[in-house]
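Student: Hi! Could you walk me through a few spots in this one?
Tutor: Happy to, let's open it up.
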Amino acid sequence: MPVQAAQWTEFLSCPICYNEFDENVHKPISLGCSHTVCKTCLNKLHRKACPFDQTAINTDIDVLPVNFALLQLVGAQVPDHQSVKLSNLGENKHYEVAKKCVEDLALYLKPLSGGKGVASLNQSALSRPMQRKLVTLVNCQLVEEEGRVRAIRAARSLGERTVTELILQHQNPQQLSANLWAAVRARGCQFLGPAMQEEALKLVLLALEDGSALSRKVLVLFVVQRLEPRFPQASKTSIGHVVQLLYRASCFKVTKRDEDSSLMQLKEEFRSYEALRREHDAQIVHIAMEAGLRISPEQWSSLLYGDLAHKSHMQSIIDKLQSPESFAKSVQELTIVLQRTGDPANLNRLRPHLELLANIDPNPDAVSPTWEQLENAMVAVKTVVHGLVDFIQNYSRKGHETPQPQPNSKYKTSMCRDLRQQGGCPRGTNCTFAHSQEELEKYRLRNKKINATEVLKQRGKLFQVQMEFQMQKTVFPS
């Protein structure tokens, strides 16, 4: 029976015995399917297949090279050279260059703190999506044909994400928000804010979840009447624009009637809030892409939900909407952005490397790369990731911003579950939960002070209004 794979942040320990990798007993060995297991556990397998996906291990385990890229991250002694027997000297040279590129890139995953093989990557120069894609690349076994196919696809994915990050680094968040909602309105749709939009969608679902078929006018009127007590600004026009957004997303089955308005019925697959909301969010992301806007999962979560808890949800939608042509279009968009800014970091030098990565076929059934193609792809992805990190550290104002404590009444008022259960937290200082009793007490006290200060401010404003009113009465007696 297959074993359940570990979380992606637990890449520094064996997912079978849970021991942290080392250079003696628990040497990390990556398989062709990109799962990495310690050599001791591999030798104990009853059948020669990956314990996670049952992929057959075609190469002798003693011949498979140790994953030095992972070993260097746990502070182990890594030799300068590891003998690997390939067909000829040329293949060996290509392999050595590609392997060195992966090892250099892996250093961006070097954990600053953590325990039990869990990496704490909070202060990394790379964003979480970049870290995750890099972990995928680091776990590829380059001496296996399937491993090389996976590695070259991982390199393409890293390159595509790098372009997106560079475009995001050049954008103004305030201007981005205005441009997004302008693009949504230009298509006859509207977003009414996180809370109001959620209630409007739930009311649409309430009216249609039993399979009812209503005219647009009746549906809009029903939602407005139910929404008005909580949101007095609700109007037939604004709710009509929300319904239009769902119509654009093909959520309705429309029945035309002679000399009467059409009837709208929710398709069966969208008769739950989660399914309807996902399609609604995907439509807004699609509109943003059509308008040439690049928005990070964090920004999407904040814009559509008013919090940062929906980053993974938004990332999955973005990934699903990506097409093989998206990468090449993004490279063109980046070129235009750099022309507009003057390109002080000389990022234009990355374009040939990005174009090389964009030309890689992302199809899993694509032809296996040659050793030369593998080397070129690894050199290209190393160059563009280094370029991104250099820009963030030396040219981007966002890179030097220190995260401020969130003005949230629930911020760090309870202990972190990951820290308790796994001994380490992948979010580090960005975690919204406390990592020690001292931190817990400190933020509870701070939140009490913030709440008290807010009350005093409100009282002060009320007192000021009352004083102004009294002065007006004195100057202009009735």
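**Loops, salt bridges and a helix pair**

Tutor: Asp343 sits in the loop between helix H13 (324-341) and helix H14 (351-358). Helices here are DSSP runs of H or I with at least four residues, strands are runs of E with at least two, and both are numbered from the N terminus. This is a predicted model, where local features need pLDDT of at least 70, side-chain atom pairs count only at pLDDT 80 or more, and totals for chains, interfaces and linings use all residues. Residues are numbered from 1 along each chain as its sequence is written, and side-chain values use heavy atoms, with hydrogens and water left out.

Student: What is phi of Asp343 near?
Tutor: Phi of Asp343 is near 50 degrees, a positive value in a residue other than glycine. Most residues other than glycine have a negative phi.

Student: And is Asp343 buried or exposed?
Tutor: Asp343 counts as buried because its relative accessibility is 14%. Buried means under 20% relative accessible area, exposed over 50%, and partly exposed in between, with a 1.4 Å probe and protein chains only.

Student: Where does Glu259 lie?
Tutor: Glu259 is in the loop between strand E4 (252-257) and strand E5 (260-266). Glu259 is not a glycine, yet has a positive phi of about 55 degrees. At 87% relative accessibility, Glu259 counts as exposed.

Student: Switching to Asn67, what does its side chain reach?
Tutor: The side chain of Asn67 reaches the backbone oxygen of Val138 at 2.9 Å. A polar contact of 2.8 Å also joins the side chains of Asn67 and Ser30. A polar contact is a pair of N or O atoms within 3.5 Å; within protein, one must be able to donate a hydrogen and the other to accept it, and residues adjacent in sequence count only if both atoms are side-chain atoms.

Student: Where is Asn67 found, and is it buried or exposed?
Tutor: Asn67 is found in the loop between helix H1 (39-43) and helix H2 (68-71), and counts as buried at 8% relative accessibility.

Student: How many salt bridges does the structure hold?
Tutor: The structure holds 15 salt bridges, each a side-chain nitrogen of Lys or Arg within 4 Å of a carboxyl oxygen of Asp or Glu. Asp62 forms one with Lys39, with the closest N and O atoms 3.7 Å apart. Asp62 lies in the loop between H1 and H2 and Lys39 in helix H1, so this pair ties together parts that are 23 residues apart in sequence. Asp62 is exposed, with a relative accessible area of 54%.

Student: What about Glu103 and Lys99?
Tutor: Their side chains meet in a salt bridge of 2.9 Å, N to O. Glu103 and Lys99 both lie in helix H3 (residues 89-106), four residues apart, about one turn of the helix. Glu103 and Lys99 are buried.

Student: Last topic: how do the axes of helix H8 and helix H9 cross?
Tutor: The axes of helix H8 (residues 216-227) and helix H9 (residues 236-248) come within 9 Å and cross at roughly 120 degrees. Axes are lines fitted to C-alpha atoms, for helices over the stretch in contact, and angles run from 0 to 180 degrees between N-to-C directions. H8 and H9 are therefore oblique to each other; angles under 35 degrees count as roughly parallel, over 145 as roughly antiparallel, 65 to 115 as roughly perpendicular and the rest as oblique.
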